Amino acid sequence: MSTPNPGGRVLSGMRPTGRLHLGNYHGALRNWVRLQYEYECYFFIADWHMLTTGYADTAALPHYVHEVLIDWLAAGLNPGVATLFVQSHVPEHAELHLLLSMITPLSWLERVPSYKDQQEQLKDQDLTTYGFLGYPLLQSADILVYRAQHVPVGEDQVAHVELTRETARRFNHLYGREPDFEEKVERAVKALGGRNTTLYRQLRRKYQESGDHEALERARALVQGVSRLTVADRDRLLGNLEGTGVTILPEPQALLTETPKVPGLDGRKMSKSYGNTIELREDPQAVMRKLRAMQTDPARARRTDAGEPTRCPVWDLHQIYSSEEVRRWAAEGCRSAGIGCLECKQPVIDKIVEEVTAMRGRAQEYTENPELLRDIIAEGSEKARDTARETLEEVRRAMHLRTD
Ligand code: TRP
Ligand code: SF4
């Protein structure tokens, strides 16, 4: 039973880097959990993406895939609502990637900011590979193969969504023309019926003559609202609005959500590579031990030294976990040396212990019955494939390749 599709289709992916931490949770996962009830969501574990940097050592990959899936479920992703799957189980991603690679100029890939950045940062790996250069295009295929409208990602991934849009535009431009397009559009416009036919023509003219975006939006809504159209006619009508022909691959949007800053135990950003994390399913005793030892404002060397919360990473955790009242108490106590750091940390410790305990509770069923995970992946991947197959059929047809 999946959500109809009230807000459109959402797609996002995560690399299987092993157990997730609170930074991953507050930075992305928590948002996904909310989105699954508002959109038709596809979330996948990007194991092929992992290979674009971690190709030399793949032994732990299956284990990491399972750990990430357990964390997703622990965080509240619901396989009865969202489609959860593994990228390599849906080979259509690879086929679309290959086809898109034929029309993607090298310069588009070379200028993606993460290309040079990552090569600099991951100096110990040889990233002068074909796969690494093509990684953002694989991401484009991930998105376009589901014709997703929205892609929830962080700031660092916006350039990849932008590349996806350019790629879709180029594809539609090259292959979105049927020989008898004009005729077919005319028939589809008539199929809208009566008032809608007239309105569609008016809105299209308005948009094409004066670039009126509101008219474009209204015309799109009109087309979407007529339920008896065939998929092909709907695509023709949408494509015809902008004069591009058929939109085979619609352009997605990045969905940016405000996320809190999640500090690691050493005060730097929480990140697995810094070894400063609290895992989603961390043992409560370890949570307490780690947080008690967490970095605070260095000005508070002694209990009697006053501090400044804005210089303290624990304060960032208060922003996430504490009520306004507790935050006021902490800030005042810190600045007046009225409370000690351990005291100040206690409400945060309590909340995080509560959170990880709930996560561990939800995860238990799956750690005890790993066959449940296999079922979820098999079912989700099958569902994803059904959607991906439909896209590929249209893509192949548009490119004059075989269809089956
Ligand atoms: N590149 C993303 C990351 O490293 C993961 C990812 C792969 C992704 N394919 C995607 C995210 C498609 C959004 C959409 O975090
Ligand atoms: Fe940080 Fe709280 Fe200590 Fe102030 S009292 S330095 S805010 S932990």
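This is a predicted model: local features need pLDDT of at least 70, side-chain atom pairs count only at pLDDT 80 or more; totals for chains, interfaces and linings use all residues.
User: Which residues are the closest to ligand 1?

Analyst: Ligand 1 is surrounded by 13 residues. Among them, Arg15 has a side-chain N or O atom 3.2 Å from an oxygen atom of the ligand, while Gln157 has a polar side-chain atom 3.0 Å from a nitrogen atom of ligand 1. The closest residues are Arg15, Tyr135, Gln139, Asp142 and Gln157.

User: How are helix 2 and helix 8 oriented relative to each other, and why?

Analyst: Helix 2, residues 47-54, packs on helix 8 with the axes 10 Å apart and at an angle of about 180°. Their contact is made by Trp48, His49 and Thr52 of helix 2 together with Tyr135, Leu138, Gln139 and Asp142 of helix 8. Because angles over 145 degrees count as such, the two helices are roughly antiparallel.

User: What is the handedness of the crossing of helix 8 and helix 9?

Analyst: Helix 8 (residues 135-144) and helix 9 (residues 158-175) have axes 9 Å apart and pack at an angle of about 70°, which makes helix 8 roughly perpendicular to helix 9. The residues in contact include Tyr135 and Gln139 of helix 8 and His160 and Leu163 of helix 9, and by class the contact has seven nonpolar, five polar and no charged residues. The crossing is right-handed.

Key
Residues are numbered from 1 along each chain as its sequence is written. Chains are lettered from A and ligands numbered from 1 in the order in which they are written. Side-chain values use heavy atoms; hydrogens and water are left out. Axes are lines fitted to C-alpha atoms, for helices over the stretch in contact, and angles run from 0 to 180 degrees between N-to-C directions. Helices (H or I, at least four residues) and strands (E, at least two) are DSSP runs, numbered from the N terminus. Angles under 35 degrees count as roughly parallel, over 145 as roughly antiparallel, 65 to 115 as roughly perpendicular and the rest as oblique. A crossing is left-handed if the near helix is turned anticlockwise from the far one by less than a right angle, and right-handed if clockwise. Contact means heavy atoms within 4.5 Å. Ala, Val, Leu, Ile, Met, Phe, Trp, Tyr, Cys and Pro count as nonpolar, Asp, Glu, Lys and Arg as charged, and the others, Gly among them, as polar. A residue is near a molecule or strand if one of its heavy atoms lies within 4 Å of it. A polar contact is a pair of N or O atoms within 3.5 Å; within protein, one must be able to donate a hydrogen and the other to accept it, and residues adjacent in sequence count only if both atoms are side-chain atoms.
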